[in-house]
Each structure stands twice: as structure tokens, then as C-alpha cells.
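This report looks at one helix, at the charged side chains along it and at its packing. Please keep the sequence and the model at hand while reading.

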Amino acid sequence: MKVPVIIYPPDASGGRRVRSGTETLGVAHNHADVAELLRRAGLEGVDEAEVATTSLIDWHGGGPDVWSAPG
């Protein structure tokens, strides 16, 4: 997978939509979820620690430590 991954702001439940290109991969509630969605999409060898630091991911509406909606 060479297409950047976008992780959208948290919704009311704390879930963040994960998209690669035009494909929505799913909703993540933590780093482990993001890593699993990326593995299912074909990006082997991604672990929870890499999710927070990789340049492959563009975090919208807060960085990798934001898992709840503002308010």
C-alpha cells in the first residue's frame, strides 16, 4: 500500500474512520485497531507503535493520541 492513509476525527463514540485512497478500511478505536485495518488492507508488518509514528498516516482532527470527540 503506497496510498496515504487518512484517519478522521473521532466521532461521538471515539471511533475514527480510516481511509486509504477512496476506500474506507473501517473504524478504529485505538492503535491496535488501526494496525489491524492496515494489515487487512495488505500492509504487512505494521504494529501499534508504528501507527503513531509512520509518515504513511495523515491524522485529521487530532494526532494519534486523540480518541475522543471534543466537547
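Helices (H or I, at least four residues) and strands (E, at least two) are DSSP runs, numbered from the N terminus. The model is predicted, so that local features need pLDDT of at least 70 and side-chain atom pairs count only at pLDDT 80 or more, while totals for chains, interfaces and linings use all residues. Residues are numbered from 1 along each chain as its sequence is written, and side-chain values use heavy atoms, with hydrogens and water left out.

Side chains of opposite charge can pair when their charged atoms come close. A salt bridge is taken here as a side-chain nitrogen of Lys or Arg within 4 Å of a carboxyl oxygen of Asp or Glu, and a search of the whole structure finds two of them. Both are listed below.

| Salt bridge | N to O distance |
|---|---|
| Arg39 and Glu36 | 3.1 Å |
| Arg40 and Glu36 | 3.1 Å |

Arg39 and Glu36 are three residues apart in helix 1 (residues 31-40), which means that about one helical turn separates them. Arg40 and Glu36, four residues apart in helix 1, are likewise separated by about one helical turn.

For accessibility, buried means under 20% relative accessible area, exposed over 50%, and partly exposed in between (1.4 Å probe, protein chains only). Arg39, at 31%, counts as partly exposed, as does Glu36 with 29%, whereas Arg40 is exposed at 66%.

Other residues of helix 1 are buried, namely His31, Val34, Ala35, Leu37 and Leu38. Seen down the axis of helix 1, these buried residues fall within an arc of 160° (taken from the directions from the helix axis to the C-beta atoms), so they line one face of the helix. They pack, with contact meaning heavy atoms within 4.5 Å, against strand 1 (5-7), strand 2 (16-20), strand 3 (23-28), helix 2 (48-53) and strand 4 (57-59).

A nonpolar core is a set of buried Ala, Val, Leu, Ile, Met, Phe, Trp, Tyr and Cys residues joined through side-chain atoms within 4.5 Å. The largest one has 16 residues, and those with the most contacts inside it are Val5, Ile7, Val18, Val34, Leu38, Val51 and Ile57. Helix 1 gives the largest share of this core, four residues.
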